[in-house]
Amino acid sequence: MNFARTDHSILGRWWWTIDRWTLLALAVLSITGTLLIAAASPAVAVHLGLDNFFFVEHHVMMLIPAGALTIGISLLSPRGVRRVALVMMLVTLPLVAATLVVGFEIKGATRWIHVPGMSIQPSEFIKPCFAVVAAWLFARQRMVEGFPGYIIASLLYLLTAALLLMQPDLGMTFVVSAVFFAQFFLAGLNIVLVAVMGMLGISGLIGAYFIFPHVQSRIDRFLDPEAGDNYQVQHSLDAFMNGGLWGRGPGQGTVKMTLPDAHADFIFAVAGEEMGLLFCLALVGLFTFIVLRGFSRVSRDDSLFVLLAGSGLLIQFGLQAVINMASSLHLMPTKGMTLPFISYGGSSLLALGIGMGMMLALTRKRFGSAEDA
Amino acid sequence: MTGIPLDEFGIDDLRDYRRFLPATVAHGRPQGREIPALTQGRARLVVTAAIFCVAVLVICARLVDVMVLQEATVTRLPHAASTAYHASRADIVDRNGVLLATSLATASLYADPKLILNVDDAVNKLTRLFPDLDRAELTEKLKSDKRFVWIKRNLTPHQHQQVFRLGLPGLDFEKEERRIFPTGSLLAHVVGLTGVDNHGMVGIESSYDKTLRGGIEPLHLSIDVRLQHIMRTELQASIDEFKALGGAGIIMDVNTGEVLSLLSLPDFDPQNNNDIPPDAMFNRATLGTYELGSVFKIFNSAMALDSGRIHLDDTFDTIHPIQAGRHTIKDYEKMHRWLSLAEIFQYSSNIGSVRIVQQMGIPAQRAFLDKVGLTTPSPIELPEVGAPQVPNPWREVNSWTIAFGHGIAVSPMQLAAAAASTINGGIYHPPTLVQRDPALPVPGHRVISPETSDKMRRLFRLVVTSGTASFAKVPGYVVGGKTGTADKVVGHGYGTKANRTTFVGVFPMNNPRYLVLALIDEPHADASTHGFATAGWIAVPVVGRVIKQMGPLVGIEPVNEDSPEIHQALDINARPRSIAGATP
């Protein structure tokens, strides 16, 4: 792609203002993810009685709309981002509520609804939209006298969290909560309240341990590996060990064959086994690069909304990556969380595409006010 | 997520700030109230970024730890099936190294039905390979929702290879071990058997389970399969001939306590160990305890002679029967005169035996039976060991009946070890099924003096030359012994038809090496025995035939039994010239 500096068409302006390094990093992530899924998924697909390349094909088919969404949304102005987020929020919240009624159950949770042609998980789309909407409410509280942004945001958060908990989708609730409180913190929440919120968060986690049996079992198994079935994590660690410094080579992994979720939650282990330590460190570096570069760009922006929304989206992206990698390395109890742009997962990929599109839109170079660019 | 205190950016400070900056909705460059908010947001974003970096660093450290530092400890990696099998249960061999039990590593075939692509195809191929598999059952198994179903256990290496060559996904092998008993039922009660999980359940397999598991060196038994075979053939022939219920046989090295043959009939096939009848499972040689009758006169005589108070030629009244409560103690063969101790042994006089114990007293009898191990379970290394039934309280009448082997029940194994101690020079050696290390001293304790033992040899010999065991004569092997015929307890009393016949034979009597014991349970007399079902007619010939065959095998040189040396050594009236086995 090449545009003249003086090209003032939409695409021309986009090219010169977009964060091209981050865009490149995301592209590299997507390609790496596709390759890793190609390595990891055939064993799983055969396991499930599907065609060898079922997951690869589906992933690529989702990657195209996801990429299109990323680019499309990154063309928007911050105000456009805010509007898109608001509209999507208004659409997806009822959909999430609807899953409770018309959703179908997979692995004990009702998160999916059928849309002609595919099944989607509306709660995935809540994450980026909520981050943007909350950022806008926080920013408005700070800028417009008398605007009850904190209260509206908190109510909206409680509604969202309640809907997610009813699914039940604890992982998603955790991410949404973490992002929300991080944004609240960034928006200037009183430090005493930050501590209170932190306490509430911890007691929420402890409460989850006692309320949800599956959470309890996972945490017990994490704390005491002898206690029960740690099949996935054990094999995940084996895969990493088998990889060593240089890995077994692409397609040469063997432990991956025995990892039921090799293509999704445990794809990092496949990367470890086949590509080795250096590749894994590079992958971690790529995620870190995207997050820190994003942070740096939004903190240079003059708009509080951009700062809050951008960092919210980046925290969500980074947190998801950290949780996924930490679970596969047995640093924390396993939590169904995809590795952004690497793992297989249609809805997750689309939602991440939207989120990163918004982030790219917010981190574009702007001249003049964020609100009217 | 917690932050560091940034009080200068706190909300309270902000309120103060507002007084100076009029509220204006921001349009254009950041202005007014947006500036402090932005500054605070940026500062806190640095904190957030720092937390994120810490998390990332932890992950990197963990990656290095797991992937490089722990690499050497990988043990659970899946790998191709190894063809080098290593049996994990040690072999059992006899004293000459003949294999009695070994482990064969086998592969057992199982399936993960979820991975089977085409059930019908798999069923076709598998049933062609294993025609004994049931089609319907296999189809049902492979269509089930389970993740693990056994198809066939313990394949041969050839079958294993054939299944590999089918190339069917979803089939896999579990390495298993199969215990093989090459001698079949020959040593069923000694070697025993193992269960499906290859853990010993009976016999040496059970008592040495821990040693055998994880052991590499084979376990050497004291058994000699050749002698075991002779014993089994002869005992079985006798059981068949006299339609007996069963029998027990023991061959023992009297100088070491090593058991060369131990047999209980009927026995079982340890290889096909489903539905073994309890009677065949029952070890009559070690677990069964029986009233063994007159063989107990061995101990009565040894005790009396060793006391020094009674001598071979002391005579006792055997004319008058003894009244014991409601019972009268009589003799089988009435001699109508007073008999010497030697004659009491020779003719197996019950009355005479009671007279002897009456002189010895209860404590002496009890102490003596304790010494020769007749009141405690045999130390033989089998789980199937019966506890003897001894009278409690031990009254006078008990001592009388015990003198001729009634009112006390012991196992044939106890009897063999105790009898050996009376003729081997006077040392009790605990019986063992495991070969003794020749470098180590043989354990044992003295029970009678060598002089008494020498007298006992003469008594043993007397029974064969001119007593109840003439059928045990084997030319050249100088056999001696003692018979026992015990009426079996039927209901609450003794029956006269059903009995148990025992013979304890020893050879060569002038320098005892081996003890051969045969017990036949409930034999039925026939024309060949002239209607007698006593030990002399039933058990004695078995021992005679066994000695005749084993003598050459164990390398004992036949001697001229009428030579002066033999007479000098064993005749009851000859003065002992030297005492074999005696140590100053």
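**Questions on the predicted model**

Modeller: B:Ser348 is buried, as its relative accessible area is 12%, and the model in which this value was computed is a predicted one.

Biologist: Near what value is phi of B:Ser348, and where does the residue lie?

Modeller: B:Ser348 is placed in the loop between helix H12 (341–347) and helix H13 (350–360) of chain B. Most residues other than glycine have a negative phi. B:Ser348, a residue other than glycine, has a positive phi, near 60°.

Biologist: Is A:Phe341 buried or exposed?

Modeller: A:Phe341 sits in the loop between helix H12 (304–328) and helix H13 (346–362) of chain A. Phi of A:Phe341 is positive, near 65°. The cut-off for buried is under 20% relative accessible area. Because its relative accessibility is 5%, A:Phe341 counts as buried.

Biologist: Which residue does a cis peptide bond join to B:Pro393?

Modeller: B:Pro393 is located in the loop between helix H14 (362–371) and helix H15 (396–403) of chain B. Most peptide bonds are trans. Here the bond is cis, with omega about 0°, and the residue joined to B:Pro393 is B:Asn392.

Biologist: What is omega for the cis peptide bond between B:Phe507 and B:Pro508?

Modeller: B:Pro508 belongs to the loop between E17 and strand E18 (514–521) of chain B. For the cis bond that joins B:Phe507 to B:Pro508, omega is about -20°.

Biologist: What is the relative accessible area of B:Thr502?

Modeller: B:Thr502 is part of strand E17 (residues 493–507) of chain B. Its contacts, leaving aside neighbours within four places in sequence, include B:Leu292, B:Val295, B:Leu415, B:Leu517 and B:Ala535. B:Thr502 is buried, and its relative accessible area is 0%.

Biologist: How are H2(A) and H3(A) oriented to each other, roughly parallel or roughly antiparallel?

Modeller: Two packed helices are described by the angle between their axes and the distance between the axes. Helix H2 (residues 20–47) and helix H3 (residues 54–74) of chain A pack at about 150°, and their axes are 8 Å apart. Angles over 145 degrees count as roughly antiparallel. H2(A) and H3(A) are therefore roughly antiparallel.

Biologist: Which residues of H3(A) meet H2(A)?

Modeller: On the side of H2(A), the residues that take part are A:Ser30, A:Thr34, A:Ile37, A:Ala38, A:Ser41, A:Val44 and A:Ala45. In H3(A) they meet A:Phe55, A:Val56, A:His59, A:Val60 and A:Leu63.

Biologist: With which residues is A:Leu50 in contact, leaving aside its neighbours within four places in sequence?

Modeller: A:Leu50 lies in the loop between H2 and H3 of chain A. With a relative accessible area of 31%, A:Leu50 is partly exposed. Its contacts, with those neighbours left aside, are A:Ala45 and A:Phe55.

Biologist: Which helix gives the largest share of the nonpolar patch?

Modeller: The surface patch is formed by A:Leu245, A:Trp246, A:Leu278, B:Val64, B:Val68 and B:Leu69, and together they have about 560 Å² of accessible area. A:Trp246 is in the loop between helix H10 (231–243) and helix H11 (267–300) of chain A, and counts as exposed at 64% relative accessibility. The largest share, 3 residues, comes from chain B, from helix H2 (residues 34–69).

Biologist: What percentage of the residues in chain A is buried?

Modeller: Chain A contains 13 helices and 3 strands. Its accessible surface is about 14,800 Å², and 69% of this belongs to carbon and sulfur atoms. Of the 373 residues in chain A, the buried ones make up 58%.

Definitions and conventions. Residues numbered from 1 in each chain as written. Chains lettered and ligands numbered in written order. Predicted model: local features only at pLDDT ≥ 70, side-chain atom pairs only at ≥ 80, totals over all residues. Heavy atoms only, no water. Patch = residues over 30% accessible without salt bridge, like charges linked within 9 Å, V, L, I, M, F, W, Y side chains within 5 Å. Areas by Shrake-Rupley, 256 points an atom, 1.4 Å probe, with all protein chains shown as cover. Salt bridge = Lys/Arg side-chain N within 4 Å of Asp/Glu carboxyl O. Helix = DSSP H or I, 4+ residues; strand = E, 2+ residues; numbered from the N terminus. Buried < 20%, exposed > 50% of the residue type's maximum accessible area, 1.4 Å probe, protein only. Axes fitted to C-alpha atoms, helices over the stretch in contact; angles between N-to-C directions. Parallel < 35°, antiparallel > 145°, perpendicular 65-115°, else oblique. Contact = heavy atoms within 4.5 Å.
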